[in-house]
Amino acid sequence: MSLRNVRVDAHTDARSWAIDTFKGTLPGDTSLGLKGTLSIVDGKSVFAGGLTLDSKRLDLFSQLWRKPPPGNPLFNVPGSLSASVGLSSEAVTFTAGSLVVDGINHGFDGSITFGQSPELK
């Protein structure tokens with residue numbers, strides 16, 4: 001995976017980090033953005049904020065994790081994803097999510113729990 005043109009604007013109060021801007025570029029003319037707060041709760045790192053992903057070419061972006069099928073249905077298709085995100089050592093959660101593929105919006109909420117009993121909701 002290649003994240004290019006990375007920019008981070010953040011500041012700290014010595015207890016947590018406020019990430020004002022984290023952005024970078026991925027294949028498919030895809031931009032990744034993140035903003036929020038990174039802090040320590042009960043001795044563990046916790047992030048709460050927002051995530052955005054905007055791609056002009058989902059077919060090229062998707063090649064990061066899979067070989068495209070013949071007649072790729074994502075060829076030249078734009079898409080985006082945005083959500084509030086929470087990340088801890090136990091789980092990652094997505095709320096008020098919006099996945100837009102070729103102009104069609106799909107709302108979602110979800111979570112992935114880590115550990116002894118991993119779970120996808």
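Is Glu-90 buried, partly exposed or exposed? Glu-90 is partly exposed, at a relative accessible area of 43%. Buried means under 20% relative accessible area, exposed over 50%, and partly exposed in between (1.4 Å probe, protein chains only).

1. Basis. This is a predicted model, in which local features need pLDDT of at least 70 and side-chain atom pairs count only at pLDDT 80 or more, while totals for chains, interfaces and linings use all residues. Residues are numbered from 1 along each chain as its sequence is written, and side-chain values use heavy atoms, with hydrogens and water left out.

2. Salt bridges. The count is 4. The term needs a side-chain nitrogen of Lys or Arg within 4 Å of a carboxyl oxygen of Asp or Glu.

3. Lys-44 and Glu-90. Their side chains form a salt bridge, 3.6 Å from N to O. Lys-44 belongs to strand S4 (residues 44–55), and Glu-90 to the loop between strand S5 (79–87) and strand S6 (91–101), so the pair ties together parts 46 residues apart in sequence. Strands are DSSP runs (E, at least two residues), numbered from the N terminus. Lys-44 is partly exposed, with a relative accessible area of 41%.

4. Arg-57 and Asp-59. Here the closest N and O atoms of the salt bridge are 2.6 Å apart. Asp-59 is buried, with a relative accessible area of 3%. Arg-57 is partly exposed, at 23%.

5. Asp-13 and Arg-15. Another salt bridge joins these side chains, 3.8 Å from N to O. Arg-15 is exposed, at 67% relative accessibility. Asp-13 is partly exposed, at 41%.

Terms used:
Helix = DSSP H or I, 4+ residues; strand = E, 2+ residues; numbered from the N terminus.
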